[in-house]
Amino acid sequence: PDVDVRPRGCFGRCGEGPNAAAVVGGATVEWHAVDSVEKVRRILEKYLRKDVDESAAQCLELHFLAEAAAKRKDLELAARLYSDALATGHAPQRGP
C-alpha cells in the first residue's frame, strides 16, 4: 500500500523538530529531528517498509540544499542546486 502523507497538528515538541508520525501496526509512532533526506529514507525503508526511489531522494536532497542557499541569499548557488534537482529527472516537483 501507499504511504498517506497528511499535515499534522502540534506535537508539543517543536524544539526537537522537524517531527513526523506514522501509524505502524496500529500504533502511532513519532520521530523527532527528521532533518535530512537520509532520516526520511530510514523511516520509510525500516519502519514503513517502503522502497525509496534514488532519483527522488537525490532530488529532495538537492531541493533542501537549494532552499538553505536561498535563505542565506546565495541565489547563484540556489539556482544551480534547483537546476540540478530538475536534472535528476524526478517528475513530481512543486515549489513552496
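Where is the place of lysine 46? Lysine 46 sits in helix 1. With a relative accessibility of 52%, lysine 46 counts as exposed (exposed means over 50% relative accessible area, buried under 20% and partly exposed in between, with a 1.4 Å probe and protein chains only). Its C-alpha atom is separated by 14 Å from that of alanine 21.

The structure is a predicted model, in which local features need pLDDT of at least 70, side-chain atom pairs count only at pLDDT 80 or more, and totals for chains, interfaces and linings use all residues. Residues are numbered from 1 along each chain as its sequence is written, and side-chain values use heavy atoms, with hydrogens and water left out.

The chain contains 3 helices and 2 strands. Helices (H or I, at least four residues) and strands (E, at least two) are DSSP runs, numbered from the N terminus. From the N terminus on, the order is β-β-α-α-α. Along the principal axes, the C-alpha atoms fill a box of roughly 45 × 30 × 20 Å. The chain has 96 residues, of which 19% count as buried. Contact means heavy atoms within 4.5 Å. Among contacts between residues at least 6 apart in sequence, 25% join residues at least 24 apart.

Helix 2 spans residues 54–71 and helix 3 spans residues 75–87. Their axes come within 8 Å and cross at roughly 165 degrees. That makes helix 2 roughly antiparallel to helix 3. Axes are lines fitted to C-alpha atoms, for helices over the stretch in contact, and angles run from 0 to 180 degrees between N-to-C directions. Angles over 145 degrees count as roughly antiparallel, under 35 as roughly parallel, 65 to 115 as roughly perpendicular and the rest as oblique. Helix 2 passes helix 3 in a left-handed crossing. A crossing is left-handed if the near helix is turned anticlockwise from the far one by less than a right angle, and right-handed if clockwise.

On the helix 2 side, the contact involves Cys59, Leu62, His63, Leu65, Ala66, Glu67, Ala69 and Ala70. Helix 3 meets them with Leu75, Leu77, Ala78, Leu81, Tyr82, Asp84 and Ala85. By class, this contact has 12 nonpolar, 1 polar and 2 charged residues. Ala, Val, Leu, Ile, Met, Phe, Trp, Tyr, Cys and Pro count as nonpolar, Asp, Glu, Lys and Arg as charged, and the others, Gly among them, as polar. Glutamate 61 also belongs to helix 2. At 34% relative accessibility, glutamate 61 counts as partly exposed. Glutamate 61 and leucine 81 are 20 residues apart in sequence, and their C-alpha atoms are 9.5 Å apart in space.

Rings of Phe, Tyr and Trp (its six-membered ring) pair if their centres lie within 6.5 Å; planes under 30 degrees apart count as stacked, over 60 as edge-to-face and the rest as tilted. The count by this rule is 1 aromatic pair. Tryptophan 31 and tyrosine 47 form this tilted pair, at 5.4 Å centre to centre and with 55 degrees between the planes. The pair links distant parts of the chain, 16 residues apart. Tryptophan 31 lies in strand 2 (residues 27–31), and tyrosine 47 in helix 1 (residues 37–47). Tryptophan 31 is buried, with a relative accessible area of 12%. Tyrosine 47 is partly exposed, at 37%.

Valine 29 is also in strand 2. At 27% relative accessibility, valine 29 counts as partly exposed. Valine 29 and tyrosine 47 are 18 residues apart in sequence and 9.4 Å apart in space, C-alpha to C-alpha. Leaving out residues up to four places away in sequence, valine 29 touches Ala20, Ala21, Ala22 and Val24.

Backbone geometry comes next. Most residues other than glycine have a negative phi, and most peptide bonds are trans. A cis peptide bond joins glycine 17 and proline 18, with omega about 0 degrees. Proline 18 is found in the segment before strand 1 (20–24). Alanine 33 is not a glycine, yet has a positive phi of about 60 degrees. Alanine 33 lies in the loop between strand 2 and helix 1. Its relative accessibility is 29%, and alanine 33 counts as partly exposed. Arginine 49, also not a glycine, has a positive phi of about 55 degrees. The loop between helix 1 and helix 2 holds arginine 49. At 70% relative accessibility, arginine 49 counts as exposed.
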